[in-house]
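Reader: Hi, could we go through this one together? I'd like to start with the backbone.

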Amino acid sequence: MSNAVKTYGWEAKPRDPSELLGGNKNVKEPEPHTVASIKLPDSTLAKSVQNYAQTELSTPTFNHSMRVFYYGKAIHIQQFPEWQFTDETYLLACLLHDLGTTDKNISGTMMSFEYYGGILALNLLSKELHAPIEQAESVAEAVFRHQDIGKTGTITTIGQLLQLATIFDNMGGHKDLIHEDTIKEVNKRWPRNNWSSCFAATIRKENGLKPWAHTTTLGEEDFPNGVQGNKLMQPYE
């Protein structure tokens, strides 16, 4: 079990980013990273899930998922190099974290999109692609909790990294974790295509269809307005 905990990113980390950072803006000043310097996993499983995501997700959502991978890896390498997980596992979580937001999926369930998406991810990985169950469950846990923002308790390593990277791309949060040149490089390779407006509309659609949705805990207006008003990423929209 201990090997699975480290391999698939199950180790507990504080849910509060300020605790991770010791109250500072970062652990160290970030340096530029090119897309080429961060190797994209190319296992059969990784390629299968990437192909699946490209088929199921809209282009803006797929590009967001890829940016989240590169931003997360930049954070991992420079800020938290001691964190243990396979890059394959983190990539799978990135590719599948917004699976519940597709038109088909958001309208096809009463459940909040993160939970339904996590179930879909778990079934895809464990039943169809025969990934190790500890890996499939780690990805599903991260998808379930990637909007579980708060200051108490803990979260898995993969889950915390996914939170940091999605908040960075969606709202410009924790802007001092990644170098500006890295942002330029990642957006050049995986364009935003008006992602801020696209995702803000998805949030409003989810909340309109499901007034009980977990997304409402982030602020029914504050969250979509924060996404749409993302100043850090505005130059790249």
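Author: Happy to. A term to begin with: buried means under 20% relative accessible area, exposed over 50%, and partly exposed in between, with a 1.4 Å probe and protein chains only. Note that this is a predicted model, where local features need pLDDT of at least 70, side-chain atom pairs count only at pLDDT 80 or more, and totals for chains, interfaces and linings use all residues. Residues are numbered from 1 along each chain as its sequence is written, and side-chain values use heavy atoms, leaving out hydrogens and water.

Reader: Thanks! What is phi of Asn193, then?

Author: About 50°, a positive value although Asn193 is not a glycine. Most residues other than glycine have a negative phi. Asn193 is partly exposed, with a relative accessible area of 37%.

Reader: And is His130 buried or exposed?

Author: His130 is exposed, at a relative accessible area of 62%. Its phi is also positive, near 55°.

Reader: Switching topic: how big is the largest pocket?

Author: Its volume is about 180 Å³. A pocket here is an open set of points on a 1 Å grid over the protein atoms alone, with protein on both sides within 12 Å along at least five of seven lines; lining residues have an atom within 4 Å of a point. The volume is the space filled by probe spheres set on the points, which are joined across faces, edges and corners.

Reader: Which residues are closest to its centre?

Author: Of the 13 lining residues, Ser58, Thr61, Thr101, Thr102 and Thr202 are the closest.

How values were computed: 1 Å grid on protein atoms, 1.4 Å probe; cavity = no way out; pocket = protein on both sides within 12 Å on 5 of 7 lines; lining within 4 Å.
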